[in-house]
Amino acid sequence: MNTATLTSPTADVTVAPAVPKPEPIAKIAIICSKGTLDMAYPGLILANAARMSGIDATLFFTFWGLDIISEETVDKLHVPTVGNPSMHIPTLVGGLPGMESLATTMMKKQMEKLDIPDVRELVEILDDSGAELYACRMAMDMFKRTEDDLLPQVKDIISAMDFYDKAAGAQILFI
Amino acid sequence: MTALEAAGKTIELNGEGFLLDGDQWTPELAEALAESAGMGPLSDKHWQVITFCREDAAREGQSPGLRRISKLSGVSMKELYKLFPKGPGKLAARVAGLPKPQACI
């Protein structure tokens, strides 16, 4: 592109061509690979925010992320107190019996106070919003889970290659 | 900044299409705002959402988030996405003449 030269009454000014306005994001594909409470929310909230803005959203749950969409675990996700430097408590203290439950209860209470939906409701909201939820086939096999173990909002169990097909044209986010 | 011609007046919008001056909002302007967002004519259901959003914002001092609208307006989440397919989180507030909601849910 050539630089354009504008002639003004006062001086000759050389103006660089304007940077084209970036294209808005049209689609997002989020890989949820963690099953702790604090790592479940970011993927779900970002997917929901995308849908609220009219952006297509596809979610792929793999490894521990399967806990977010499994009937038996969805209401029991925990905040980790060991190996989590952001807790600001010594690892040994974090490992004491009951610490993880305490931290989880405290976080859930705070979320309730702010009227943040629990994970199960958030998955339902995503389904209502038209977001597509998929489980990873390999992780399902590894954890010996079947379709019956998953929440009804999960659309299908797919391979990593299938995920790329579903994610065509999307920005991909790994959590 | 962009402008919208409606009912013989020029109405200023911000870069995202929201009214710069919320006081300029009128029901006729809502139709023009909807059109500028690529939507068709507003139905009764749209008006149920718009009326709720305006009343709630007047009470709370901020635009309602989408979950709040679905919980309190009597219009379900699924319906909201049908009414505003290009993104109900922003568009409900935009057509209702309110600022972009701060809520993430």
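This is a predicted model: local features need pLDDT of at least 70, side-chain atom pairs count only at pLDDT 80 or more; totals for chains, interfaces and linings use all residues.
In general, strands of a sheet pair through backbone hydrogen bonds, in either a parallel or an antiparallel way.

To see one pairing up close, take β4 (residues 56-61) and β5 (residues 132-136) of chain A, which are joined in the parallel sense over four bridges. Here A:Phe61 stands opposite A:Ala135 in β5 of chain A.

Now for chain B. It splits into domain 1 (2-36) and domain 2 (44-95), and the C-alpha centres of these two domains of chain B lie 18 Å apart. On the domain 1 side of chain B, B:Glu16, B:Phe18 and B:Trp25 lose the most area to domain 2, together 53% of what that side buries. B:Glu16 also has a charged partner: its side chain meets that of B:Lys90 in a salt bridge (3.6 Å, N to O).

Chain B also touches chain A. Among the residues of chain B, B:Arg67, B:Tyr81 and B:Ile105 lose the most area to chain A, together 47% of what that side buries. B:Arg67 turns up again in a salt bridge, where its side chain meets that of A:Asp115 (3.4 Å, N to O). Which elements give two or more residues to the side of chain B that touches chain A? They are α3 (66-72), α4 (77-83) and α5 (88-95) of chain B.

Here are the two interfaces, item by item:

| Interface | Item | Value |
|---|---|---|
| Domain 1 and domain 2 of chain B | Buried area | about 860 Å², 60% on carbon and sulfur atoms |
| Chain B and chain A | Buried area | about 1,300 Å², 57% on carbon and sulfur atoms |
| Domain 1 and domain 2 of chain B | Salt bridges | one salt bridge |
| Chain B and chain A | Salt bridges | three salt bridges |
| Domain 1 and domain 2 of chain B | Polar contacts | four residue pairs |
| Chain B and chain A | Polar contacts | five residue pairs |

Methods:
Residues are numbered from 1 along each chain as its sequence is written. Chains are lettered from A and ligands numbered from 1 in the order in which they are written. Side-chain values use heavy atoms; hydrogens and water are left out. Two strands pair if DSSP finds at least two bridges between them. Domain bounds come from an automatic or database domain assignment. Buried area is the accessible area (1.4 Å probe) that two parts lose on being put together, summed over both. A salt bridge is a side-chain nitrogen of Lys or Arg within 4 Å of a carboxyl oxygen of Asp or Glu. A polar contact is a pair of N or O atoms within 3.5 Å; within protein, one must be able to donate a hydrogen and the other to accept it, and residues adjacent in sequence count only if both atoms are side-chain atoms.
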